Amino acid sequence: MARKKIALVGAGQIGGTMALVLAQKQLGDVVLVDVVEGVPQGKALDIMEGRLPLKTSAVLSGTNNYNDIAGSDVVIVTAGVPRKPGMTRDDLLEVNYGIIEKVGTAIKNTAPNAFVIVVTNPLDAMVYAMQKITGFASAKVVGMAGVLDSSRLACFVAMELGVAAEDVQAVVMGGHGPSMVSLYDFVSVGGIPLPQLMSKEVFDKLSKRTADAGTEIVNLLKTGSAFYSPGVSAVKMAEAYLLDKKSVVTCAAQLAGQYGVKDLYCGVPVVIGEKGVEKILEVKMTEEEKAAFAKSVTEVKVNADWVDNKIKG
Ligand code: APR
């Protein structure tokens, strides 16, 4: 069986984290691509040299040439600029769009069968742009945000209750920004519905912290944004595809009428397997949650319209 090829476009903080975790999981060989000379090569070699204690035979390489992603099974894109304190994700729109335009064209030309996972912010707009630029089927172009936002909420619930985070399931939908929607009834703790264990008042505080979680990390780090948890979240999506796991995860998927939304990318629960996004799950929300989701979609649309105008020139 041929080894799978995973290209990581952007060998910065998230790219490096993903390379290490992908190598450890032996999901395939990893190619790190970056515009900065030496960094992708150095990170790849560094991990290669750690393969004995890591107990992996994955092969990693680094390059500054997009042609080296040719034939990739999965491409994960983090190329772009991260936030600094005081910046919102939307502040990155213009600069990161220019990068996604270049990277998307390269993916289209060299890796036409790849499952493309976009991580670059502002996420919903960047994944929307990626699909338009590549012209790939929407099932093969997804954005990583909901896995992370749900994991953050699960973390805060676990911390509040003093239980294992891995036993908490959570769903956070909508745009990857301050308007994201945490669903109270959807959280389960070892299979027990959260409303039996935590009041809505306490949950609302955790939900607010989840929506601000990226900013909380930016303010602590001061030099960039979160990278460990985004890295492992994107790897989870790649793993679902490569192993045809039929995983139920929340991610930014292109809607075709579900939730009354057409064409836009927005965080919703989906099933990921060998065909990419194999199903979009339409869940029932309360009236309050529906209204919050609709508001979030409106915000996502503002950036998508900006992308449309850019593409039209
Ligand atoms: N092609 C390839 N790589 C590029 C390009 C390009 N055209 N332009 C920039 N890069 C690289 C940078 O050189 C840098 O190494 O992308 C990398 C980004 O890494 P970091 O600056 O460390 O940022 P990171 O924390 O990894 O976040 C990347 O993901 O979560 C989002 O908001 C975050 O948009 C940011 C992205």
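Lysine 55 is found in the loop that runs between helix H3 (51-54) and strand S3 (60-63), helices (H or I, at least four residues) and strands (E, at least two) being DSSP runs numbered from the N terminus. Although lysine 55 is not a glycine, its phi is positive, at about 60°. Proline 122 is placed in the loop between strand S5 (115-118) and helix H5 (123-134). Most residues other than glycine have a negative phi, and most peptide bonds are trans.

The model is predicted: local features need pLDDT of at least 70 and side-chain atom pairs count only at pLDDT 80 or more, whereas totals for chains, interfaces and linings use all residues. Residues are numbered from 1 along each chain as its sequence is written, and side-chain values use heavy atoms, with hydrogens and water left out.

The ligand is surrounded by 21 residues (a heavy atom within 4 Å of the ligand), and the closest are Gln13, Ile14, Asp34, Tyr66 and Asn121. Polar contacts (pairs of N or O atoms within 3.5 Å) include one of 2.8 Å between a ligand oxygen and a polar backbone atom of glutamine 13. A ligand oxygen also lies 3.4 Å from a backbone N or O atom of glycine 80, and one is 3.5 Å from a side-chain N or O atom of asparagine 96. Of the 730 Å² of accessible area that the ligand has on its own, the protein covers 87% (Shrake-Rupley method, 1.4 Å probe).

Helix H1 (13-25) and helix H4 (93-110) are the elements that give two or more residues to the shell around the ligand; H4 gives the most, with 3 residues. The shell comprises 11 nonpolar, 9 polar and 1 charged residues, where Asp, Glu, Lys and Arg count as charged, Ala, Val, Leu, Ile, Met, Phe, Trp, Tyr, Cys and Pro as nonpolar, and the others, Gly among them, as polar.

The structure holds 13 salt bridges (a side-chain nitrogen of Lys or Arg within 4 Å of a carboxyl oxygen of Asp or Glu). One of the salt bridges joins arginine 3 and aspartate 29, whose closest N and O atoms are 2.7 Å apart. This pair links distant parts of the chain, 26 residues apart: arginine 3 lies in the segment before strand S1 (5-9), and aspartate 29 in strand S2 (residues 29-33).

Notes: A polar contact is a pair of N or O atoms within 3.5 Å; within protein, one must be able to donate a hydrogen and the other to accept it, and residues adjacent in sequence count only if both atoms are side-chain atoms.
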